[in-house]
Amino acid sequence: MVPLSFAPFQFAGQEWLLGPARALAWPEEQALLVADLHLEKASWFARTGQMLPPYDSRETLDRLATLVRHTGARRVFCLGDNFHDAHGPARLDPGAAERLAALVRAVDWVWITGNHDEKDGAPADDLIGGTMLREVIVRGVMLRHEAQGEEAGPELSGHFHPRLRVAARGRTVSRPCAVMSERKLILPAFGALTGGLDAAHPALLKAMQPARSITALVPTAARVAHFPLWQAAAA
């Protein structure tokens with residue numbers, strides 16, 4: 001059962017559910033989609049002498065396990081930058097490794113590889129289980145890590161870690177968001193230690209082209225709020 005905190009919206013002729021936990025549910029596929037887990041980011045920084053609390057992977061996996069349980073998802077698609085680097089799977093502590101293995105065994109798990117995963121070659125399947133692909137089309141929707149301008153059909157991706165920044169009551173509020181155009185949908189980053197790029201940043205708007213309009217999507221308790229980011233000039 002999908003929790004009430006997930007709110008519906010339409011994309012590519014289908015209903016999707018966006019949750020405040022930065023995940024996307026796809027009822028038609030009984031699937032959960034997340035992007036940019038960046039597992040083992042803290043341990044990667046530790047190798048360079050920047051010591052961060054080494055709990056990011058456990059926090060990310062705990063949140064993901066909760067969502068799988070509450071949505072009843074039978075499939076999980078991770079849209080790239082699953083680990084912060086290709087050697088991340090070998091650095092998982094035993095508790096996090098066990099949690100990940102249990103998740104991957106429980107459902108049909110698909111890893112889409114991203115630029116961080118492939119810096120030194122994609123991580124080996126036998127280290128983390130599941131199915132590893134560069135991209136895949138499901139019900140006519142292309143799932144990949146980074147949006148491609150030449151894609152003619154509907155496309156769902158991650159990579160940019162979009163965040164909506166809004167001025168309110170004399171201060172700026174920043175929240176993870178999805179970004180949508182007529183044919184493209186970019187998810188926020190799911191990982192515990194992931195930063196974000198302003199949803200209206202030129203690089204992100206360029207990645208959404210071609211488009212007639214681009215909107216930031218922010219889930220609330222009852223609905224998905226739409227914030228206009230860009231509109232094509234009238235002909």
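Reply: Arg75 is partly exposed, at 23% relative accessibility (buried is under 20% relative accessible area, exposed over 50%, and partly exposed in between, with a 1.4 Å probe and protein chains only). The model is predicted, so local features need pLDDT of at least 70 and side-chain atom pairs count only at pLDDT 80 or more, while totals for chains, interfaces and linings use all residues. Residues are numbered from 1 along each chain as its sequence is written, and side-chain values use heavy atoms, without hydrogens and water.

The structure holds ten salt bridges, each a side-chain nitrogen of Lys or Arg within 4 Å of a carboxyl oxygen of Asp or Glu. One of them joins Arg75 to Glu29, with the closest N and O atoms 2.6 Å apart. This pair links distant parts of the chain, 46 residues apart: Arg75 belongs to strand β5, and Glu29 to the loop between β3 (24-26) and β4. Strands (E, at least two residues) and helices (H or I, at least four) are DSSP runs, numbered from the N terminus. Glu29 is buried, at 14% relative accessibility.

Arg75 also forms a salt bridge with Asp108, at 3.2 Å from N to O. Here strand β5 is linked to strand β6, which holds Asp108, the two residues being 33 apart. Asp108 is partly exposed, at 36%.

Elsewhere, Arg144 pairs with Glu135 in a salt bridge at 3.0 Å; Arg144 is buried at 8%, whereas Glu135 is partly exposed at 40%. Shared partners join Arg75, Glu29, Asp108, Glu28 and Arg139 into one salt-bridge network.
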